[in-house]
Amino acid sequence: MFVPSSYQGNAMSDSAGRIIICRCEEVSREEVLDAIRSGCETLDEIKRATRAGMGRCQGEGCAHMIAGILSEVLGVREDGIQPFTARFPVGPVSLGELAATGDELAPGQQARSSQEAA
Amino acid sequence: MKPRPQDVLVIGGGVLGMSIAYHLSGLGASVTVFERGYPGAGASGANAAIVASSTTSPLSYALLEERGKHLLAELGKAESDDALFQDCGRLRLVTEKEEGSSVMEVVRRNREAGIDVQYLQAESIEALEPQISSAGLVGAAYCPSDGIADPFRLLRVLLARTNRRRGTLCHHTLVCAISRKSRFVQVTTPRATHVGNALVIASGVGSAQLSQQLGVQLPVRPVRGQILVTEKLPRLFQHVISPGITQCRSGNILLGVSTEDAGFANENTLSVLQTIARGSILKAPILETAHIIRCFSGLRPMPRDGLPILDRLPGYDNVYVSVSHNGLTAAQAIGQGMAQWIAGGEKPPLLAPFALATADPRS
């Protein structure tokens with residue numbers, strides 16, 4: 001489901017020459033590599049360790065690139081890598097909207113279980 | 001290969017397990033930590049990152065947390081890492097009159113014991129936090145030295161420091177069984193059997209199940225906490241606002257956390273998220289237009305009396321347990337104290353009140 005790791009279409013360099021993988025949280029390729037070296041084996045673990053994927057786009061832009069790096073370093077197939085855990089709300093909603101929402105959203109909107117710190 | 005007796009085996013790579021391992025390695029022990037996922041995968045990574053001792057009760061617990069807070073600040077300084085612990089201060093809001101008198105009493109007692117905390121009347125709060133609505137506010141406990149820690153940064157620092165000594169982390173390693181073998185303890189993982197002189201159970205919500213393997217019922221249950229995360233916002237709050245509003249360095253605001261009995265069901269529920277949303281808007285109306293980008297939930301271990309369990313398992317002179325609902329603030333004090341005890345000293349006085357006997361009315 002992920003495009004090949006050679007695809008770096010969303011990556012960009014910052015003024016220090018670092019390749020930025022997650023734009024929202026400004027996480028570099030080197031930081032992702034560090035996280036993998038220190039023992040991260042999944043996208044969710046890299047997310048917690050580096051904050052990559054915790055920004056406004058919630059990993060839309062960086063998930064495939066991180067999967068590519070993981071695949072390269074760990075020698076696993078990209079299509080076997082679990083995507084980031086999907087989180088409620090899928091798109092940003094205001095706190096006021098959430099507070100005012102009735103129960104009609106309840107059945108489909110229960111987020112999956114997981115643990116993480118922001 | 002014949003198993004080599006390691007000095008100490010630690011189960012759990014959260015802030016408590018890693019802090020104990022770090023301090024043990026500093027005393028010359030060789031330490032092996034077993035973590036089923038990645039450090040912080042459990043409760044250590046699923047909280048509002050608050051470091052606070054100022055309104056903790058009883059006093060013995062407040063003093064343990066105060067010591068932990070100072071050691072954490074020192075660690076941050078030694079690492080030149082401002083984000084490890086930021087002493088941005090904390091306001092603990094009081095909205096009920098009766099609650100006000102009990103908070104005032106805790107503040108008085110903690111202040112007398114040297115903790116920098118004072119009780120503010122409602123009208124002084126606006127000057128400190130203009131976004132907090134004064135409606136319904138009775139007062140607040142104010143502590144300038146409480147703050148926010150980054151548990152993942154802390155874990156990285158502890159791991160790096162432990163690795164430089166004689167410490168090893170076995171991540172993604174599930175402990176299948178623990179047992180006693182003559183005077184040694186034995187930990188079995190899918191890959192190997194490890195033998196040690198001492199064992200530390202610091203596995204959060206999993207601690208009860210592990211202790212049971214040694215015939216001890218630990219009075220600990222899982223408690224679920226849910227948190228909402230806003231988009232990055234300009235600085236709206238200078239301090240941690242308790243309960244439930246923490247603006248991180250990044251600008252994101254953490255709202256919550258709930259405290260629910262839901263067994264091991266670790267999931268977000270709309271009704272609880274709405275309760276958090278409504279409560280947050282009441283406290284700080286400006287948040288009504290803030291966007292939520294994510295929510296998460298976590299399971300935290302809750303000892304029966306709410307206090308940490310820092311003890312030896314009854315019947316064992318070399319099996320220790322370290323479980324706390326809120327371990328981040330006290331972690332360095334617990335780590336240091338447990339390490340001294342395990343390495344052959346007496347149980348330090350600071351840790352003495354947190355015994356399994358007081359947590360378990362059966363004994």
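I looked up the contact first: chain A brings 32 residues to it and chain B brings 43 residues, where two residues are in contact if their C-beta atoms, placed from the backbone, lie within 7 Å. I note that this is a predicted model, in which local features need pLDDT of at least 70, side-chain atom pairs count only at pLDDT 80 or more, and totals for chains, interfaces and linings use all residues. Residues are numbered from 1 along each chain as its sequence is written, with chains lettered from A and ligands numbered from 1 in the order in which they are written.

I then listed the elements of chain A that give two or more residues to the side touching chain B: helix H2 (43-50), strand E4 (93-94) and helix H4 (95-100). Helices (H or I, at least four residues) and strands (E, at least two) are DSSP runs, numbered from the N terminus. H4(A) supplies the largest share of that side, four residues.

I next checked pairing across the chains; two strands pair if DSSP finds at least two bridges between them. E4(A) pairs with strand E17 (residues 291-303) of chain B in the antiparallel sense, over two bridges. Opposite Ser94(A) stands His291(B) of E17(B).

A hairpin of four residues joins E11(B) to E12(B), and Val185(B) stands opposite Gly196(B). E12(B) also runs parallel to strand E19 (residues 319-323) of chain B, joined by three bridges. There, Leu199(B) has Val319(B) as its bridge partner.
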